Amino acid sequence: MRHCAQLARLVMAVGFFAASTGVHLLADDVYIVVNSTVKAESISKEELRSVFLLRTRTLRDGSVVEPVLQKSGSAHDAFLEHYLERDSAEIRTYYQGLVFTGKAEMPRQLNSDGEVIAYVARTKGAIGYVSSESSTSGVKVLKVLSSERKAERSLLTRVEAAYPEALWQRDIHGSVRLRLTIAPKGNVEEVELLGGNPILAEAAEKAVRQWIYSAWPSRTMTEVTIAL
Amino acid sequence: MHRGVTRFAFVCLIAMQTARAQEIRVWNRIVQVHGFFTQGFVYTDQNNWLTMNTSAGSGAMTDMGLNVSSRLTEKLRVGAQVYDRNLGKLGRWHPSLDWAVVDYRFTNWLGVRGGKVKTTFGLYNDSQDLDFMHVFALLPQSVYPTDIRDTTIAHTGGDLYGEIALPRRLGDMSYTVYAGHRSDSMYSGYPYLIRQWDTYLTDMGGLQYGADLRWNLPLRGLMAGASRLNQDISAHGTFVDFFNPSNGIIPYFESSKADWSNQFFAEYRRGPFTLVTEYRRCLRDQIILNNTSEDISDVRAWYVSGTYRIGKRVSVGSYYSHYTVTETFGGALAKIAPNATDTSEPNNHIYDKVASVRFDLNRFWNLKIEGHFMDGFANTGFPAGFYPKDNANGFQRNTNALVAKTSFHF
């Protein structure tokens, strides 16, 4: 029993030692770089994840991309942690599962930021990641849109809700919470009532359907409160 | 044994040479080369398991694969893998074409692959041979029985597949729809099982078609899915007609009346933890003994597993695997063979509790040690790991097993 406990402690110590090495970078310390033929200026976190998990090869703008990874390093670890939520061994196992079942090929893995920049610069459709301290000349840096930042679209045209005459006479007021789905072009596609007076909601919905937001690479959602 | 050691040494030598050179250039195209080699050892304290003489300790558990693949255009990819294994009296070092595909991805939501394709069914059907992918030395045998891997592993035909991003942040879905022809090795579990009744198959296979749908839910790390597989299988060979033994050895034929499997699965990954559960129901209604009899096997199997990575080099895991089978007969066989429908009997179940530890010695090489604590042996006409031919003195109810495995890949 004592030996078992000692063995367990040894196993834990080995594991923690192995896990505790390396410099820790944040997501903002990693640049997503693409070949200049890629038309997109930004990419969502979900899209980035799909590309590097080899689930998709085409970005929303129609560009066919080829992911390229690094073999190790702080930028590599940070990218995997923040965007793929896997560590280096897990992502290797994931890729091997696809390769050995004939479902995909192993993505190219390079040794350094410099190699990634050079490869991405000369390879049509290549997409990779480097440390933000690296020179990015010859490649395009994509802005990564997180889910929260999708709501940052600016409202260009706002139409106020017409207050229903019947409610005006009865002096009924209140607010309505709505969730809007906004198309890439900026028009409001869908409106979902989250709370508030249903009678007021009809007028609020009619108004927000006329709102126009700034264009965006993908469909986004936002929540608004309309006071009447 | 000597032959196995020679192969092991040869494969290691090749692997060491190629481990750093996984890409070669052929006619100015990049060709990727990957391979794996796995060697296992199993010791059991009671019943012999998986056609090995495990009660004396057996190392007759070897498999290997080698694949090449190349991307010809942005959307077109080709590749193939050969696979060879020896598992006790199964496989017997007869190499097979594991998969050989031409894959064209039209768009994210539509791709097509044709040729011999690994069947997408449940979480691990297509990767069950890839020891280095899993924490466990043996996947839960209730759902992934390695002795009858041929029954689900691949089809010669085609797949349609794709990924669909769902609106309203509902995650994304992936689908696979497939159809083709399944062809069993004669060194697989079912042909081996029925040799005890002097039935020797020469071919077995048939139509296989189905679909798989999996959903990456908005809760990060959670995936759930379902698979369906339909088969129409026939087999030919010879047998001694045990209704009329005086007829001697005569041609044998059997075919499916119904053969389908459903599988439901969920996986949750959070940091070093992975939790998995799968449920499989397999119904096989086979017309056997030259259209004289009917054998209906109904398998219900599930497992729950958990793994935890302790740093980069060590992982631990455990699972509980639950397997029950009932068997009912019709026709001439019903007059002499009793139905077996009581799943509380050890003849009709295997309950397996497992604990495992995996050491990654380096990026290419791992070692696993695993303990199995099994109740039951499920001895019916549907193979389940324990075979009467390997247990001539009868079965014991409980079997404990120690499994050690090492795997090399590049």
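One pair to look for is Tyr308(B), whose bridge partner in strand 14 of chain B is Val316(B). Three residues lie between the two strands of this hairpin, and Gly311(B) there takes a positive phi near 75 degrees.

Strand 13 of chain B (residues 293-310) also pairs with strand 12 (residues 273-288) of chain B, again in the antiparallel sense, through 16 bridges. Here Tyr279(B) has Trp302(B) of strand 13 of chain B as its bridge partner. The hairpin of strand 12 and strand 13 of chain B has four residues between the strands, and Leu289(B) takes a positive phi near 55 degrees. As background, the strands of a sheet pair through backbone hydrogen bonds, either parallel or antiparallel.

## Where the two chains meet

Let us turn to the contact between the chains. In chain B, 37 residues are in contact with 29 residues of chain A. Strand 2 (29-44), strand 3 (58-71), strand 4 (76-87), strand 5 (96-107) and strand 6 (110-118) of chain B each give at least two residues to the side that touches chain A. Sorted by class, that side of chain B has 14 polar, 13 charged and 10 nonpolar residues.

## Chain A at a glance

Chain A holds seven helices and 11 strands. Of its 228 residues, 28% count as buried. Among the contacts in chain A with a separation of 6 or more, 71% join residues 24 or more positions apart.

## The six-stranded sheet of chain A

Six strands of chain A make an open sheet with mixed pairing, in the order 2-6-1-5-3-4. Strand 2 (42-44) and strand 4 (108-110) of chain A are the edge strands, each pairing on one side only. On average, and ignoring direction, neighbouring strands of this sheet are turned by 35 degrees against each other. For a look at one pairing, take strand 1 (residues 30-34) and strand 5 (residues 126-131) of chain A, which pair in the antiparallel sense over five bridges. Val30(A) has Ser131(A) in strand 5 of chain A as its bridge partner.

Helices lie across these strands as well. Helix 2 (residues 45-52) of chain A lies across strand 1, strand 2, strand 3 (66-70), strand 5 and strand 6 (140-145) of chain A, and runs at about 80 degrees to strand 2 of chain A. Helix 5 (residues 113-122) of chain A lies across strand 1, strand 3, strand 4 and strand 5 of chain A, and runs at about 155 degrees to strand 5 of chain A.

Which residues of helix 5 of chain A are buried? They are Asp113(A), Val116(A), Ile117(A) and Val120(A). These residues cover an arc of only 100 degrees around the axis, so they sit on the same side of helix 5 of chain A. The general idea is that an α-helix has 3.6 residues a turn, so residues three or four places apart point the same way.

The cover over the buried residues of helix 5 of chain A includes strand 1, strand 3, helix 3 (74-84), strand 4 and strand 5 of chain A. On the face turned away from the buried side, helix 5 of chain A carries the exposed residues Gly114(A) and Arg122(A).

## A three-stranded sheet in chain A

Chain A has another open sheet to explore, with three strands in the order 9-8-11 and antiparallel pairing. Strand 9 (188-196) and strand 11 (220-227) of chain A each have a single partner strand, so one side of each is left without a neighbour in the sheet. Neighbouring strands here are turned by 25 degrees against each other on average, direction ignored.

Strand 8 (residues 175-182) and strand 9 of chain A run antiparallel and are joined by seven bridges. In strand 9 of chain A, Gly196(A) is the bridge partner of Val176(A). Helix 7 (residues 198-208) of chain A packs on this sheet and touches strand 8, strand 9 and strand 11 of chain A, its direction making about 35 degrees with that of strand 8 of chain A.

The mean pLDDT of chain A is 81, and 84% of its residues reach 70 or more. Where in chain A is confidence lowest, and where is it highest? It is lowest in helix 1 (residues 2-19) of chain A, with a mean of 47, and highest in strand 3 of chain A, at 95.

Over residues 10-22 of chain A, pLDDT stays under 50, and the model has 19 contacts beyond four places in sequence for this stretch. Where pLDDT is low, the predicted coordinates should not be read in detail.

Definitions and conventions. Residues numbered from 1 in each chain as written. Chains lettered and ligands numbered in written order. Predicted model: local features only at pLDDT ≥ 70, side-chain atom pairs only at ≥ 80, totals over all residues. Pairing = 2+ DSSP bridges. Axes fitted to C-alpha atoms, helices over the stretch in contact; angles between N-to-C directions. Contact = placed C-beta atoms within 7 Å. Nonpolar A, V, L, I, M, F, W, Y, C, P; charged D, E, K, R; others polar. Buried ≥ 20, exposed ≤ 12 C-beta atoms within 10 Å, placed from the backbone. Arc of directions from axis to C-beta. pLDDT = per-residue confidence, 0-100.
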